[in-house]
Amino acid sequence: MRFLIPLILFIVMVGFLAVGLKLDPREVPSPFIGKPTPAFNLPQLADPNKNFGNADLRGQVSLLNVWASWCVSCRQEHPLLLKLAKQNILPIYGLDYKDEREAGMDWLNRLGNPYTVSVFDADGKVGIDWGVYGVPETFVIDKQGVVRHKHTGPITEESWQKTLLPLILQLQKEGSPT
Amino acid sequence: MRIWLIICGIVFGLNVQAVEIRQFDDPAKQQAYENLVKELRCLVCQNQSLADSDADLARDLRTEVYNIIQSGKSEQDAVKFLVDRYGDFVLYKPPLKISTSLLWLGPFGLLLTGLVYLGLLARKRSAGRKNEPALTEEERLRLHELKKRLEG
């Protein structure tokens with residue numbers, strides 16, 4: 001029996017290492033899950049005279065996608081967002097993070113605009129309030145305006161099918177706000 | 001001559017760092033700020049503190065910390081500001097919670113396990129010695145003989 005001890009220790013260690021391999025250190029759990037969206041009220045990207053805020057997120061399940069024209073991974077994610085926007089499942093709101101208005105508009109005009117509305121966060125303060133640390137980031141917001149999920153990095157076909165879409169469909173079935 | 005200029009440029013250039021100049025109206029605030037940015041983790045390059053990191057976000061977060069401290073609020077307020085937004089992850093020293101209990105208590109648990117194991121082992125050894133059979137008369141005589149011979 002004694003000779004089994006190193007073997008057991010080895011197996012335990014392998015177990016820990018295997019779990020460690022699967023953890024993504026970039027996935028920092030968001031403290032906002034289950035909490036109301038952080039308050040914001042920002043000018044829209046397309047029209048600085050119009051504002052858009054967290055109150056406008058209430059009433060239906062929506063996505064808030066943090067993006068920027070300088071962000072390489074956002075470009076990678078962009079075609080999928082365009083596809084999702086065409087499917088009309090839910091409104092996708094954009095938060096143009098630490099960008100220049102012209103560059104942001106230019107990006108949307110050139111590559112297509114998947115966003116129902118994009119707001120313009122020039123100095124990144126709202127981004128910090130939302131705990132943004134790596135664009136693109138996507139938040140799923142329910143009808144009550146509560147953050148239900150955060151996806152860090154570009155949405156992929158796989159993460160959309162496996163995680164985001166099922167959650168969105170489930171949230172859409174939940175009761176309307178009273 | 002020119003080569004020396006280049007060498008000097010390389011040698012002294014290494015000491016250039018990205019440091020923002022922050023004006024504090026109170027040295028205590030400056031101390032608080034400097035402590036904080038060393039203790040808080042940059043989310044982008046995760047093995048660097050806010051003080052070390054050159055990332056854009058780290059600079060913004062340093063500014064937030066600076067504004068909080070400079071406005072007269074406490075270090076706790078600054079920490080809370082970041083934890084509210086980025087979670088406990090920004091802290092190099094995580095708080096003791098159920099989810100972090102293994103982290104805090106694990107090493108002591110391992111130490112305790114080791115000590116218990118060592119104690120058991122020692123006990124077994126000393127018990128083993130006691131159980132050694134006593135020498136027979138014949139053996140004792142032989143031992144005596146050998147001793148004598150060795151001591152000459």
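Student: In what order do the elements of chain B run from the N terminus on?

Tutor: Keep in mind that this is a predicted model, where local features need pLDDT of at least 70, side-chain atom pairs count only at pLDDT 80 or more, and totals for chains, interfaces and linings use all residues. Residues are numbered from 1 along each chain as its sequence is written, and chains are lettered from A and ligands numbered from 1 in the order written. Helices (H or I, at least four residues) and strands (E, at least two) are DSSP runs numbered from the N terminus. Chain B has six helices and zero strands, and its elements run α-α-α-α-α-α.

Student: Why is chain B more spread out than a compact globule?

Tutor: Take the radius of gyration over C-alpha atoms, with the globule rule as 2.2 Å times the number of residues to the power 0.38. For 152 residues that rule gives 15 Å, so chain B is more spread out, with a radius of gyration of 32 Å.

Student: How far apart are the centres of domain 1 and domain 2 of chain B?

Tutor: The bounds come from an automatic or database domain assignment, which puts domain 1 at 2-90 and domain 2 at 105-151. Taken over C-alpha atoms, their centres are separated by 59 Å.

Student: What percentage of the residues of chain B count as buried?

Tutor: With C-beta atoms placed from the backbone, a residue is buried if 20 or more other C-beta atoms lie within 10 Å of its own, exposed if 12 or fewer, and partly exposed in between. Of the 152 residues of chain B, the buried share is 15%.
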